[in-house]
Amino acid sequence: MTPRPVLDGILDAVGDTHLVELGGLLPRFPSRVLAKLEGFNPGGSVKDRSALSMLLGRIRGGELIPGRSTVVESSSGNLAIGIAQICRYYGIDFICVVDPKTTRQNLKILRAYQVTVDMVTEPDPDTGAYLPARLARVRELVAALPGAYWPNQYANPLNPRAHTRTMREIAEALDGRVDYLFCATGTGGTLTGCADYIRDHGLSTTLVGVDALGSVLFGGPAGPRLLPGHGAAVRPALFDPARADEVVLVSDLDCVVGCRTLTQREAILAGGSSGAVTAALGRFADRIPAGSTCVLVFPDRGDRYLDTIYDDEWVRRHFGDVSHLWKEPEHTMAVGTC
Ligand code: PMP
């Protein structure tokens, strides 16, 4: 085996994540299933790629200057952590606008990277949602601070562009033979970038978009959602739902069952949206011809979900006693049935 090269710095560790066979997930499924483990990025998620794509050009081009510039973004999750890592590395100030729903663990991670956390306390008076209030605060900060830059992941084409590489890595590892790609959606960056690569390289991949019930991305009505990561309350201007060939909507319970099944059968402790794509595969499985190669993109790890998905009491409180759904060895896949 060739030794891994020495990297110039931590940011060079973004990308080239592992692609892993999931031979035990669906024992009787007559197709190959693999997972792209984006949790191996140094910030712990697929959003490291988007953060780097939106910031690196500006840093190298001298538009973002250590000590003079400030990055301002509204995110309480994986993108914030990706940006925090890059800003710390280059010594650029980062103000992250969050709201009271941000987990204590993520706030601690942001503070560890010396991010200035700006907490919006009141939701938007008209809608009761925090997102408009957060965006209003970002605009206020950007207007007030000279040298401030707002990456704006929802409208920045460099977000999806980062994921042409994600798909290239998958396609090259499999000699272009990817029949199905399951991709969770939030900003739609991962899905759009993968779709661009598939189109530009003439692959015959069927792209399955996986979204949350209660998300508006594919035209459904807005509704309550428990788990962060995938799903959106507002459709981003740049997102075209037609880029997905198929769409599967999954519930919070599907995500829990998907995650617990993954841990049980594959010893992979994955995040909520990885459970979502696993559940989507379960729901879609009978439409997949035997002998296909299916790739699931797993956006992050399970460590950030220990107080929710992997907490038995939390699961019981929200869904009742459902542990049989991932404990039955004979069950092909309980997900997609709940
Ligand atoms: N899963 C997780 C865990 C995420 O943090 C995100 C980004 N919010 C997504 C899925 C969706 O990714 P994208 O923004 O590229 O659509």
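Q: What makes domain 1 and domain 2 the parts into which this protein is divided?
A: Domain bounds come from an automatic or database domain assignment. Here that gives domain 1 (10–41 + 158–327) and domain 2 (47–149). The model is a predicted one, in which local features need pLDDT of at least 70 and side-chain atom pairs count only at pLDDT 80 or more, while totals for chains, interfaces and linings use all residues. Residues are numbered from 1 along each chain as its sequence is written.

Q: How do you know that domain 1 and domain 2 are in contact?
A: Two residues are in contact if their C-beta atoms, placed from the backbone, lie within 7 Å. By that test, 19 residues of domain 1 meet 13 residues of domain 2. On the domain 1 side, helix H5 (residues 158–173) gives the most, with seven residues. Helices are DSSP runs (H or I, at least four residues), and strands are too (E, at least two), numbered from the N terminus.

Q: Why is the ligand said to lie between domain 1 and domain 2?
A: Both domains give residues to the shell around the ligand, so it lies between them. A residue is near a molecule if its C-beta atom, placed from the backbone, lies within 6 Å of it. The ligand has 17 residues around it, and Gly186, Thr187, Gly229, Ser273 and Pro299 are the closest.

Q: What makes 13 residues of the shell around the ligand polar?
A: Ala, Val, Leu, Ile, Met, Phe, Trp, Tyr, Cys and Pro count as nonpolar, Asp, Glu, Lys and Arg as charged, and the others, Gly among them, as polar. Sorted this way, the shell has 13 polar residues, two nonpolar and two charged.

Q: How do you know that the reach of H7 is close to the one expected?
A: The expected span is 1.5 Å times one less than the number of residues. H7 (residues 252–266) has 15 residues, and both its reach from first C-alpha to last and its expected span are 21 Å.
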